[in-house]
Amino acid sequence: MEERSKMESDISIFKKTNLQESDNSQSLQEKIEEQMKKIVDLGNYESVFLFDQEGLQLAQYAPRGIVEQVRVIEISLMIMELNKTVRDLAGITDLKEVIVEGEDGKRIIFRFIPFYGQTAIFVAVIPRHKSYRSLTNRLQRAIIKLGSNAEASF
């Protein structure tokens, strides 16, 4: 029960950010990283990254340098390849998420999200015993919205 009320509190903090009121002088990357920072600061992520399908980093927030960026890019590209293989092998289209969990409960999640007309990969390192799905859904929607708004302004 206590965990649920903390989660609701975390979500309400995140909800207070109005993407429409963001500083227009900020780049798209800065706006996305600002949203990433909020969730990391809540303690629900250790670090978070967003890559395009070629492995180009679009945004990141990794305050403690927990994850070596080159390794994250490598594994993200492997997961992107896994996405293609699953589609070819099993006919599963639109793979949404891949989760890797250790025995200690620490997880790395990989989400495939539409961004600028292609598939981007969202990677988050989740500490053990932390919920992530609701906040990740909100961050995903914010990233998609920011990408759509930026795309529309071109």
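Student: F115 first: buried or exposed?
Tutor: Buried, because F115 has a relative accessibility of 6%, under the 20% cut-off for that label. Keep in mind that this is a predicted model.

Student: Okay. And how many aromatic pairs does the structure hold?
Tutor: The structure holds 3 of them. In one of these, F115 pairs with Y116. That pair is edge-to-face, with 5.1 Å centre to centre and 75° between the planes.

Student: Where is Y116 found, then?
Tutor: Y116 sits in the loop between β4 and β5. Those two strands make a hairpin with 2 residues between them.

Student: What's with the phi of Y116?
Tutor: Y116 has a positive phi of about 55°, and Y116 is not a glycine. For background, most residues other than glycine have a negative phi.

Student: Is Y116 buried, exposed or partly exposed?
Tutor: Partly exposed, because its relative accessibility is 30%. The cut-offs here are under 20% for buried and over 50% for exposed.

Student: Which other residue has a positive phi although it is not a glycine?
Tutor: H129 does, at about 65°. H129 is in the loop between β5 and α4, the helix at 133-152. H129 counts as exposed because its relative accessibility is 64%.

Student: And the glycines? Which one in the turn between β1 and β2 has a positive phi?
Tutor: That's G55, with a phi of about 95°. The β1 and β2 hairpin has 5 residues between its strands. In the hairpin of β3 and β4, G105 takes a positive phi near 95°, and there are 5 residues between the strands there.

Student: How many bridges do β4 and β5 pair over?
Tutor: Over 9 bridges, in the antiparallel sense, with β4 at residues 107-115 and β5 at residues 118-126. For R107, the bridge partner in β5 is I126, and for I108 the partner in β5 is V125.

Student: And what about β3 to β4, how many bridges there?
Tutor: β3 and β4 are joined by 5 bridges and run antiparallel. V98 stands opposite F110 in β4.

Student: How far does α2 reach from its first C-alpha to its last?
Tutor: It's 22 Å for 15 residues, close to the 21 Å expected at 1.5 Å a residue.

Student: Which residues in α2 are buried?
Tutor: K31, I32, E33, Q35, M36, I39, V40 and L42. As a general point, an α-helix has 3.6 residues a turn, so residues three or four places apart point the same way. That's handy to have in mind when you look at a list like this.

Student: Zooming out, how do the elements run from the N terminus?
Tutor: They go α-α-β-β-α-β-β-β-α, with 4 helices and 5 strands in the protein chain.

Student: What share of the residues is buried?
Tutor: Buried residues make up 40% of the 154 in the chain. The protein chain exposes about 9000 Å², and carbon and sulfur atoms supply 50% of that area.

Student: Last one: what share of the contacts with a separation of 6 or more comes from residues 24 or more positions apart?
Tutor: Those residues account for 55% of such contacts in the protein chain.

Technical notes: Residues are numbered from 1 along each chain as its sequence is written. This is a predicted model: local features need pLDDT of at least 70, side-chain atom pairs count only at pLDDT 80 or more; totals for chains, interfaces and linings use all residues. Side-chain values use heavy atoms; hydrogens and water are left out. Buried means under 20% relative accessible area, exposed over 50%, partly exposed in between (1.4 Å probe, protein chains only). Contact means heavy atoms within 4.5 Å. Accessible areas come from the Shrake-Rupley method with a 1.4 Å probe; for residues, only the protein chains shown count as cover. Two strands pair if DSSP finds at least two bridges between them. The expected span of a helix is 1.5 Å times one less than its number of residues. Rings of Phe, Tyr and Trp (its six-membered ring) pair if their centres lie within 6.5 Å; planes under 30 degrees apart count as stacked, over 60 as edge-to-face and the rest as tilted.
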